[in-house]
Amino acid sequence: MSTSRNRKWRLTMRSASRWLPTVARTSGIVLLTILIVFAVFRATAPFLISSGLVRSGIEKALSDWTGYRAQIEGDPTLEFWPTPRVTLNQVNIREPTKNGKVLGHIDSLSADFSLFAALRGRAHFHEFHFLRPTIYIRRDETGLIDWTNEGLLSKAIERVETSANQGMPMRREQDADIGTLTIEDGTVEMADERTGNIYKMNGINADITWPRLSRPMTAVILARLNGQDVKIDFNSTQPLLLFAGKSVDARTSFSSPLISWTYSGVSSISDFSTLAGNLDLSVPNVPSFLAWSGEHLPVANTLQNVSLNADIVAIQNGLRFNNLNFKVNDSAASGVMDLNYTAAGKPKISGTLAFDQMNLNPFLTAFSMRLAADTAIDALLNGNPLQRLDLDMRLSSNKAWLGPFQFDNIGASLLVAGGKAKFDIGDSGFEGGDLTAHLEVTQGDFDGGGKLQISIRNADFGGLFSRLKLVGPLPMTTGSLDLALSTSKPIWAANLGDVAGKMSFSAQAGSFRQFNISAFRALAADKTFFRMSDIADTAFDFDSLNVDASFAKGSAEVHSAKITGRNETVTLNGVVPFRSNGLALSGAIEASSPADTSDLPMLPFFIGGTWPDPVISPVTTLLQKPDQPQQ
């Protein structure tokens with residue numbers, strides 16, 4: 001068996017050796033012929049192809065695409081290796097009139113072209129490269145981009161229609177080739193007729209792939225916008241429908257050091273109410289972003305970073321953000337939010353957000369939002385954010401804080417509408433008790449002033465004073481507080497001297513720290529003056545505490561303060577100026593029971609000086625009978 005196979009193998013090799021040289025020689029001749037023809041064709045191409053033909057072909061292609069008049073000032077340069085390519089300098093796109101306005105300018109334009117088509121007198125181009133193009137476009141009142149004038153692109157946009165399956169029917173002669181476009185150091189300036197703004201993007205470097213009008217498009221754009229480097233990624237399976245103002249599936253991402261966002265889903269350049277997809281947005285530095293975008297909001301001082309992810313769906317006159325995950329600073333929230341427009345055309349944000357923890361400072365600072373304006377004209381043009389936007393938000397949080405104050409299980413609402421701004425805490429845990437609050441800014445353009453109301457029930461004020469490290473004789477007790485304040489000045493300009501209102505505080509059993517009432521009586525019998533620190537070695541236990549006061553012109557007037565102990569009662573009234581941190585109070589110590597008056601006679605006194613160590617002056621002369629000589 002082995003000898004037979006070897007014999008057959010030798011016969012096969014002997015037969016192949018007879019025809020292999022013939023195949024090799026034939027293949028070599030064919031290959032050599034092809035190389036000679038190619039070399040001759042390449043060598044003679046510059047003499048066979050007219051540069052004028054290529055130049056006029058480029059001019060016609062640009063004119064046909066844009067619908068405007070293309071003019072090339074520089075002479076074309078032809079290259080034939082490694083691929084045939086033409087380069088033209090100083091290309092202008094003008095309106096089709098004698099002295100038409102320049103709509104675009106290109107320093108240098110190069111494109112590959114077909115040798116065979118050029119030899120037949122036709123110019124066919126692809127793989128375009130634009131060096132330093134400048135394009136001027138216009139976005140009309142309907143939101144559509146209008147740059148072409150009855151050109152191939154404009155006609156294709158006009159003819160395209162959406163079929164039942166969102167297809168894009170197009171006749172073969174209408175489905176023009178585009179290919180790949182490369183842009184280097186370009187500029188785009190867009191005039192938005194809807195807003196009256198002009199937007200400019202420069203330093204544009206882009207790679208755009210769009211094989212044919214009916215095919216998908218992908219684009220990667222690097223540019224500089226308002227001094228910041230940005231990157232835009234875009235892809236869509238139906239770009240022509242998108243340019244026609246239709247709603248199509250697309251994915252767009254925008255990234256920069258100040259803001260990044262990605263949107264995937266149904267998109268439209270003319271009607272945002274048709275959006276339906278997912279949005280992921282991040283602003284790592286809110287103050288820098290607002291400065292970059294040209295906005296000025298005082299609230300930005302308390303906002304550091306914001307991010308959100310949500311499913312967007314169109315609703316009547318707006319958008320809804322479902323499955324919203326929202327983060328501001330270090331506080332995360334989830335919920336639903338709507339962005340729509342009122343009957344007057346004002347944008348309105350409403351919804352419900354549940355936070356794990358929340359800082360109330362940004363929300364309260366919102367009431368002082370007012371754009372800085374040097375002149376009345378600036379104020380008129382820029383307006384007030386509270387006037388330009390309505391809010392109706394319901395907020396909840398397991399933990400919340402406002403400066404040094406902490407809250408548990410808070411439920412709040414923020415309402416800005418009809419010339420008023422309101423912030424309400426409907427329910428909240430506060431220092432072991434309950435708190436409700438209402439802040440309102442009213443009238444006109446929010447220059448009319450505002451008011452604050454706070455109600456606290458059964459809170460541990462002693463624990464609060466200790467945690468805040470407040471010094472001096474203060475009540476260590478569980479109590480209730482009602483506070484109502486108002487100002488007629490703009491709330492962002494008001495200070496303590498502009499605030500008026502009233503306060504009442506009540507508590508059950510507790511102790512007044514750093515107040516030795518026995519030492520008080522002893523020193524009052526021997527000294528004309530002594531300091532509060534002289535009687536701070538122990539506390540005064542009381543059974544009840546009640547305080548009523550009012551505020552006006554930078555001071556608190558204590559109408560009545562009564563501290564009732566088991567044996568003695570302390571009463572106070574007078575004035576507490578805020579600015580000087582001083583006291584001017586008159587008071588008295590007397591027996592809690594009339595039966596103990598002989599053992600604990602009334603002791604009037606005056607307290608003056610600076611908190612927390614004022615000076616006490618006993619008024620002993622008031623206790624003497626008229627016929628007794630003064631000592």
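User: Let's start with Phe-130: is this residue buried or exposed?

Analyst: Phe-130 counts as buried, at 12% relative accessibility. The cut-off to keep in mind is that buried means under 20% relative accessible area. Phe-128 can be read by the same rule: its relative accessible area is 15%, so it is buried too. One caution before we go on: this is a predicted model.

User: How many aromatic pairs does the structure hold?

Analyst: There are 14 aromatic pairs in the structure. Phe-128 and Phe-130 form one that is stacked, with 6.2 Å centre to centre and 15° between the planes. Phe-551 and Phe-578 form another stacked pair, at 5.9 Å centre to centre and 20° between the planes.

User: Where in the chain do Phe-551 and Phe-578 sit?

Analyst: This pair links distant parts of the chain, 27 residues apart. Phe-551 belongs to strand S27 (residues 544-552), while Phe-578 is in the loop between strand S29 (568-577) and strand S30 (582-591). Phe-551 is buried, with a relative accessible area of 15%, whereas Phe-578 is partly exposed at 30%.

User: Now a helix, please. Which residues of helix H6 are buried?

Analyst: Helix H6 covers residues 286-293, and its buried residues are Val-286, Phe-289, Leu-290 and Trp-292. Next, look for what covers them. The cover includes strand S9 (217-225), strand S10 (228-236), strand S11 (248-255), S13 and strand S14 (306-315).

User: What can I find at the start of H6, and what takes a positive phi just after H6?

Analyst: At the start of H6, a side-chain oxygen of Asn-285 comes within 3.1 Å of the backbone nitrogen of Ser-288. Just after the helix, Gly-294 has a positive phi of about 90°.

User: How do I read strands? In which sense do S16 and S17 run?

Analyst: Follow the direction of each strand, then look for the bridges. Strand S16 (residues 331-341) and strand S17 (residues 347-359) run antiparallel and are joined by 9 bridges.

User: Which strand pairs with S17 in the parallel sense?

Analyst: That is strand S18 (residues 390-402), which pairs with S17 over 11 bridges. Here you can look for Ala-354, whose bridge partner in S18 is Ser-396.

User: What about loops? Where does Asn-516 lie?

Analyst: For a loop residue, begin with the elements on either side. Asn-516 lies between strand S24 (499-512) and helix H11 (517-526). Asn-516 is buried, with a relative accessible area of 14%. A polar atom of the Asn-516 side chain lies 3.1 Å from the backbone nitrogen of Ser-518. Leaving aside residues up to four places away in sequence, Asn-516 touches Ile-535, Asp-537 and Thr-538.

User: How many helices and strands does the whole protein have?

Analyst: It has 11 helices and 32 strands. Of its 631 residues, 39% are buried. Among contacts with a separation of 6 or more, 50% come from residues 24 or more positions apart.

User: What is the average pLDDT of the protein?

Analyst: The average pLDDT is 79, and 74% of the residues score at least 70. Over residues 162-166 the pLDDT is below 50, and this stretch has 7 contacts in the model beyond near neighbours in sequence. Residues 621-631 also have a pLDDT below 50, with 6 such contacts. Where pLDDT is low, the predicted coordinates should not be read in detail.

Note on methods
Residues are numbered from 1 along each chain as its sequence is written. This is a predicted model: local features need pLDDT of at least 70, side-chain atom pairs count only at pLDDT 80 or more; totals for chains, interfaces and linings use all residues. Side-chain values use heavy atoms; hydrogens and water are left out. pLDDT is the predictor's confidence in each residue, from 0 to 100. Contact means heavy atoms within 4.5 Å. Helices (H or I, at least four residues) and strands (E, at least two) are DSSP runs, numbered from the N terminus. Buried means under 20% relative accessible area, exposed over 50%, partly exposed in between (1.4 Å probe, protein chains only). A polar contact is a pair of N or O atoms within 3.5 Å; within protein, one must be able to donate a hydrogen and the other to accept it, and residues adjacent in sequence count only if both atoms are side-chain atoms. Two strands pair if DSSP finds at least two bridges between them. Rings of Phe, Tyr and Trp (its six-membered ring) pair if their centres lie within 6.5 Å; planes under 30 degrees apart count as stacked, over 60 as edge-to-face and the rest as tilted.
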